[in-house]
Amino acid sequence: MLLDGKDNKLEEKKYDIKVILSNAINYANYAKLHKETQLLCDIDQNLPTSLIGDGNKLFQLLLATLYSSVKNTNVGKITLSVKCIRDNGNVILNVKVTDTSNGLKEDEYSDVINKLNDVDHNLDSLDKNLIFIKKFSDYLNGSFKYTST
């Protein structure tokens with residue numbers, strides 16, 4: 001899966017998670033300039049500065065997720081929450097993006113994900129972005145959960 005135009009191997013190197021979060025937040029703030037949308041951030045204060053993994057691909061995933069919310073939220077708020085869970089010397093990032101858009105309902109999301117195997121991908125950009133985020137998250141050995149209220 002080519003995600004960044006380079007090779008498809010996951011890198012295992014040290015990266016600064018706070019720089020990645022800051023860059024993703026800056027891009028999202030720029031993308032929402034002409035909207036009446038507020039971007040709120042709740043970043044765990046116990047987040048380590050450096051982690052080992054593929055920081056570039058994590059940045060792409062964060063950006064895709066934030067852009068999806070920015071694109072679909074014209075008025076209201078978007079919240080990025082990042083929590084750090086420590087488990088036997090490993091760090092698990094719990095990243096949550098919520099927004100006040102009138103996006104897909106949960107049953108509609110299931111229908112979109114089921115279209116992954118369809119030959120005719122007659123999908124709108126929101127559907128394509130959600131599929132990308134789901135596949136990308138799986139590729140990074142993470143998980144993606146979609147909920148709608």
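1. Start with the helix pair: Ile 17, Ile 20, Leu 21, Asn 23, Ala 24, Ile 25, Tyr 27, Ala 28 and Ala 31 of helix 1 meet Gly 55, Leu 58, Phe 59, Leu 62, Leu 63, Leu 66, Tyr 67 and Val 70 of helix 2. Contact here means heavy atoms within 4.5 Å, and helices (H or I, at least four residues) and strands (E, at least two) are DSSP runs numbered from the N terminus.

2. A word on the source: this is a predicted model, with local features needing pLDDT of at least 70, side-chain atom pairs counted only at pLDDT 80 or more, and totals for chains, interfaces and linings using all residues. Residues are numbered from 1 along each chain as its sequence is written, and side-chain values use heavy atoms, leaving out hydrogens and water.

3. The axes of helix 1 and helix 2 (residues 55-72) come within 9 Å and cross at roughly 30°. That makes the two helices roughly parallel (angles under 35 degrees).

4. Have a look at Lys 32, in the loop between helix 1 (17-31) and strand 2 (36-43). Lys 32 is buried (under 20% relative accessible area, 1.4 Å probe, protein chains only), yet the nearest side chain of opposite charge, Glu 36, is 11 Å away. Leaving aside neighbours within four places in sequence, Lys 32 touches Thr 37, Gln 38, Leu 39 and Val 70.

5. Asn 88 sits in the loop between strand 4 (75-87) and strand 5 (90-99). Its phi is positive, about 50°, although Asn 88 is not a glycine. Asn 88 is exposed, at 76% relative accessible area (the cut-off is over 50%).

Technical notes: Lys, Arg positive; Asp, Glu negative; His and termini not counted. Salt bridge = Lys/Arg side-chain N within 4 Å of Asp/Glu carboxyl O. Axes fitted to C-alpha atoms, helices over the stretch in contact; angles between N-to-C directions. Parallel < 35°, antiparallel > 145°, perpendicular 65-115°, else oblique.
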